[in-house]
Amino acid sequence: MERYGSDTDGDEQETPLLHRGHEDKPQRAPVCCSSRYGLALLSSFGFFVVYSLRVNLSVAMVDMLNNTRQASTNHSGSVCPAHANPQRPKHNHTASVYDWNSETQGWILGSFFYGYILTQIPGGYLAGRYGPKWLLGFGILGTVIFTLLTPVAADLGATYLIAVRVLEGVGEGVTFPAMYAMWAAWAPPLERSRLLTISYIGAQLGTVISLPLSGEICFYLDWTYVFYVFGVVGLVWFVLWTFLAFDSPNTHPRISERERIYITSSLKNELSNTAGHIPWGAIVTSRPLWAIVVAHFSYNWTFYTLLTLLPTYMNDVLGFSIQQNGWLSSLPYLGCAVVAVLSGQLADYLRETCLYPTVYVRKAFSLVGMIGPAVFLVAVGYTGCNYTLAVTFLTISSSLGGVSASGFNINHLDIAPSYAGILLGITNTFATIPGMVGPVIARALTSNNTIEEWQTVFYIAAAIQLFGALVYTVFGRGTVQPWAVHSTYSHGD
């Protein structure tokens, strides 16, 4: 075990333990058919729903506008030459289309995050106080209901659609803080990277599947069915979550005794034993926490800009049709999902088998997962109308971003597992700001949809990424902070 080097500012020295004793290690419970990995799969399905509901509007928006309503192609005004496109079915033009300018589109696409930011910190607090299961469940259910109402809101006007998207954001805002609070009670320290990357790969898969599927639905039916199909999928998840998820190993009726003891004993030196006490002063003055805040904000600027505007870029600049658009827009997120899972396996291998200190692993993975995407994103702006190279660079950029899933992205659980939900709420509050202003700024900068305008958007995102990587490298930490426990020991990794 490692002793804290400081009890004031968290700047402890972290060195690998080359001769860690095995007698104090809890006996590992099998992975197959385990409750903790069952939770990982179920929560992964939940985040699949969360991101499906979040990004489907990005594709549907292309088909909701008057200037995309063409009989054979819907991209005749693109910067690059149009691609060949099969004739669309005649029956798919029954839905309304709207005359929204680029500024209105930016506000609609960014409005989700104005609700999302409101429930980040309250979500972390409520999950810690009342339990994360029902908070997360009802949060997603609320988002599902408002998703089903989206076509009605759009017909009423842009203002109503913006209001509905804000309410969807309010519901989804509690999901990540609640899930972090749940993993604080479920994830053994040396399995965190694996469990959390499995859990959060659902977000990438939601994007990967919903983007092309939304395109196909728009092509063969109309854009309204995008919201109905994914809304129904969300209802199915809520039923499964109600009966299969539990707040902690101690409240799970079907968990094996061996697994319950393994999980609880592995966490016994990391969790606070003062129920209801939250050291707010120490939290808001913690430099390791603010390092995560800056990294999270910086990463999300690129992530949310692409998440909301990649289909627009594919259509307006590269000239891909609604059907091609969804498939190609999903490739970057497919790469990110695969890399995120692989990086989770590698991160835990480096910590458990090679005995690398957690702080080194988190920083190395964050550097690769932030600098790599920045470099390739800038390169996209110089590919011109070379479609293959543009899509390739976008895919590499997002794929490398998946490495950060085992970097700063789960560092909350390393420095304060008892308050992970609250910490995630704090960092995600700041990290939501890019989703609010990024699309608005990007659309304001690309009013003419020229390649030069998009280069500016990519440069801004890359510069912010590099700044975040630098700050986290300097101030990030990897062990439980003194204010997060009432013990003199932390997890020795």
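Predicted model: local features only at pLDDT ≥ 70, side-chain atom pairs only at ≥ 80, totals over all residues.
Which does C33 count as, buried or exposed, and at what relative accessibility? After that, please look closely at helix α14 (residues 358-380).

Reply: Happy to! C33 counts as exposed, because its relative accessibility is 79%; exposed means over 50% relative accessible area, buried under 20%, and partly exposed in between (1.4 Å probe, protein chains only). C33 sits in the loop between β1 (2-3) and α1 (35-64). C33 is not a glycine, yet its phi is positive, at about 60°.

Residues are numbered from 1 along each chain as its sequence is written, and side-chain values use heavy atoms, with hydrogens and water left out.

The average pLDDT (the predictor's confidence in each residue, from 0 to 100) is 85 for the protein, and 86% of the residues score at least 70. Be careful with residues 68-76, where the pLDDT is below 50. The pLDDT also stays under 50 over residues 1-23.

The protein has 493 residues, of which 62% are buried.

Two packed helices are described by the angle between their axes and the distance between the axes. Here axes are lines fitted to C-alpha atoms, for helices over the stretch in contact, and angles run from 0 to 180 degrees between N-to-C directions. Take α18 (residues 451-475): α14 packs with α18 at about 165°, and the axes are 9 Å apart. The two helices are therefore roughly antiparallel, a word kept for angles over 145 degrees, with under 35 being roughly parallel, 65 to 115 roughly perpendicular and the rest oblique. The crossing of α14 and α18 is left-handed, meaning that the near helix is turned anticlockwise from the far one by less than a right angle (clockwise would be right-handed).

You can trace the contact (heavy atoms within 4.5 Å) yourself: on α14 look for residues including R362, L367, I371 and V378, and on α18 for residues including F458, Q465, A469 and Y472. By class, this contact has 16 nonpolar, four polar and two charged residues. Nonpolar covers Ala, Val, Leu, Ile, Met, Phe, Trp, Tyr, Cys and Pro, charged covers Asp, Glu, Lys and Arg, and polar the others, Gly among them.

Helix α12 (residues 287-316) packs with α14 as well, at an angle of about 35° and with axes 11 Å apart. This crossing is left-handed too. A295, S298, Y299, T302, L306 and Y313 of α12 make the contact with G369, M370, L377 and V380 of α14. It has seven nonpolar residues, three polar and no charged ones. M370, L377 and V380 are also among the α14 residues that meet α18.

Notes. Helix = DSSP H or I, 4+ residues; strand = E, 2+ residues; numbered from the N terminus.
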